Amino acid sequence: MNHKEIAEGLRSLGLKDGSIVLLHSSFLSLGKVNNGPGEVIKAFLEVIGKKGTLLVPAFGQLGVLVEEVKHLPGAIISSCPVGTVAAFGPAAEALCRDHWKAETAHGKETPYTRIAERGGYICLLGVDQDRNTSLHSIEALLELPYLQTVSRTFKNPSGKEVTREYKFYPGPHRDFIGLDRLLLDSGAMKVQRIGNAQVRLIDSAQMFDVLLAAGKECPDLVLCDNPECADCTRQHAAIYAAEMDRESFRLTVSSRLAGRYIPEMIENLQRQGIGRIELDYLQGKICASLPAEKLAGAVRELKADKIEVTGIRLMSVPDEPEKLAEKLRQAGIGRVIMPLAGSAKAVKALKKAGLTVSLYNIAQSAKSAANEFADLLKKEPGTLFTFNPANFAKVGEMPFLYSYRVGRFIKTIGQLDIADCTWDGAETDFAGGNAEIKELVSILRCGNFPGYCCLGGGAVYPDDLNEAAENFRVLLKNM
């Protein structure tokens with residue numbers, strides 16, 4: 001091939017006199033080119049003319065065509081130590097100006113967004129979307145929660161050594177390849193063969209419009225769904241955690257739902273971006289019955305991986321609450337969730353030991369539970385109620401339309417157990433039974449409920465934590 005044949009292909013794709021274009025490339029993909037890589041750059045410059053500007057990424061080792069542009073007489077290298085570009089043409093200085101001062105390497109006031117603002121293009125010559133650096137601009141503009149802040153020390157254009165932080169900086173693996181179809185179908189991208197190379201020409205502004213809209217709807221747009229991809233799994237988790245951080249309630253998970261062993265619990269919680277756990281069962285045993293040292297060891301292991309233990313759930317009212325209180329003190333657990341019925345003496349002892357107590361309903365009607373709880377509050381003010389809708393459904397009540405309202409639990413609720421079942425007690429996914437979970441969560445959100453929502457609290461979920469967490473996220477999204 002020669003530069004005239006390459007130029008003809010570029011024109012047929014849509015490049016023209018005066019175009020601004022950011023080139024990502026593989027010289028070898030073209031096949032044999034007479035006179036080497038300089039012929040390719042000559043073709044681009046011939047097409048865009050003296051009014052056009054050619055840019056290339058200039059960070060790392062990105063190929064011979066990048067070196068050709070960097071060494072053109074009058075080429076400008078942007079001053080940012082990350083996301084650096086080289087530019088040649090009349091708009092080069094304006095596109096690269098003060099890149100180092102931008103808040104991000106790829107977002108506002110960087111060459112990548114300025115190209116779009118000036119109606120420019122992105123050309124992928126023999127490479128795919130994984131080399132499209134401008135896709136990091138989409139992530140930065142969306143301020144996606146899995147992005148990082150990086151710090152760099154370098155010399156600014158005046159020669160002064162400075163240290164700056166760049167927000168929303170990209171990390172490891174992305175599934176940018178999956179965006180090809182979206183860009184093609186939207187008309188933002190054209191694809192044509194030049195020599196042996198597949199060449200993609202993307203309208204930068206149109207790409208931004210299409211992908212920003214898609215990313216707002218689907219923040220994990222550029223992440224893969226491979227469960228064995230540790231990078232994307234971690235980044236998905238950051239998105240999930242950010243979604244929960246926007247809620248007023250604090251999400252916690254039953255340890256029985258989280259897994260059988262502590263390492264399994266930690267892995268499953270981290271995969272879902274959840275940093276809290278309520279201890280009920282460990283290795284099939286009731287946590288409250290474990291020896292003090294084993295319970296304390298479990299808490300230490302969880303805390304070492306930044307998992308907060310929000311409390312321990314008792315399956316019955318303790319006969320010796322003072323001994324239990326000492327065990328929990330040694331383990332560093334400050335909150336107890338236990339049955340309401342017959343709990344008055346135990347509540348007094350546990351609260352005297354400095355523990356926070358929240359009581360849940362088992363085989364009680366709403367009126368019975370409300371009356372007993374009201375009597376207890378007179379002696380032990382500050383005690384909270386853990387509302388278990390599945391247990392109200394099991395006694396034949398409609399948990400939202402009847403139990404929650406008749407019992408006036410809005411005044412005392414400190415936790416909602418996210419658990420569902422049918423009237424006959426068969427466990428279901430959330431909002432799949434008669435516990436009216438969706439309605440209860442919705443009304444609590446209306447009042448910016450500051451307490452806990454416990455996935456699987458006080459019940460068995462019919463699947464694992466991954467399914468339960470996704471089930472809950474879908475439920476929230478559809479409210």
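This is a predicted model: local features need pLDDT of at least 70, side-chain atom pairs count only at pLDDT 80 or more; totals for chains, interfaces and linings use all residues.
Student: Okay, and which residues of α2 itself are buried?

Tutor: Helix α2 covers residues 38–48, and its buried residues are Glu 39, Val 40, Ile 41, Ala 43, Phe 44, Val 47 and Ile 48.

Student: Let's look at β2, then. Where is Thr 53 found?

Tutor: Thr 53 is in strand β2, which runs over residues 53–57.

Student: Is Thr 53 buried or exposed?

Tutor: Thr 53 counts as buried because its relative accessible area is 0%, and the cut-off for buried is under 20%.

Student: And what is Thr 53 in contact with, leaving aside its neighbours within four places in sequence?

Tutor: There are several partners. Thr 53 is in contact with Ser 19, Ile 20 and Val 21, with Ile 48, and with Phe 88, Gly 89, Pro 90, Ala 91, Ala 92 and Leu 95. Ile 48 came up already, as one of the buried residues of α2.

Student: Switching to pockets: what volume does the largest one have?

Tutor: The largest pocket comes to about 350 Å³. It is lined by 18 residues, and those closest to its centre are Pro 219, Ile 239, Glu 243, Arg 246 and Lys 477.

Student: Which elements give two or more residues to that lining?

Tutor: Those are α8 (204–217), α9 (230–245) and α19 (465–477). The largest share, 4 residues, comes from α9.

Student: How many of the lining residues are charged?

Tutor: The lining of the largest pocket has 9 charged residues, beside 8 nonpolar and 1 polar.

Student: Zooming out, how many helices and strands does the chain have?

Tutor: The chain has 19 helices and 19 strands.

Student: What is its radius of gyration, and what would a compact globule have?

Tutor: The chain has 30 Å, whereas a compact globule of 479 residues would be near 23 Å. Along its principal axes, the C-alpha trace spans about 90 × 45 × 35 Å.

Student: What share of the residues counts as buried?

Tutor: Of the 479 residues, 53% are buried. The chain exposes about 21500 Å², with 49% of that supplied by carbon and sulfur atoms.

Student: And what about contacts between residues 24 or more positions apart?

Tutor: Those pairs make up 69% of the chain's contacts with a separation of 6 or more.

Note on methods:
Residues are numbered from 1 along each chain as its sequence is written. Side-chain values use heavy atoms; hydrogens and water are left out. On a 1 Å grid over the protein atoms alone, a cavity is a set of points where a 1.4 Å probe fits but cannot get out, and a pocket is an open set with protein on both sides within 12 Å along at least five of seven lines; lining residues have an atom within 4 Å of a point. Grid points are joined across faces, edges and corners, and a volume is the space filled by probe spheres set on the points. Ala, Val, Leu, Ile, Met, Phe, Trp, Tyr, Cys and Pro count as nonpolar, Asp, Glu, Lys and Arg as charged, and the others, Gly among them, as polar. The radius of gyration is taken over C-alpha atoms; the globule rule is 2.2 Å times the number of residues to the power 0.38. Buried means under 20% relative accessible area, exposed over 50%, partly exposed in between (1.4 Å probe, protein chains only). Contact means heavy atoms within 4.5 Å. Accessible areas come from the Shrake-Rupley method with a 1.4 Å probe; for residues, only the protein chains shown count as cover.
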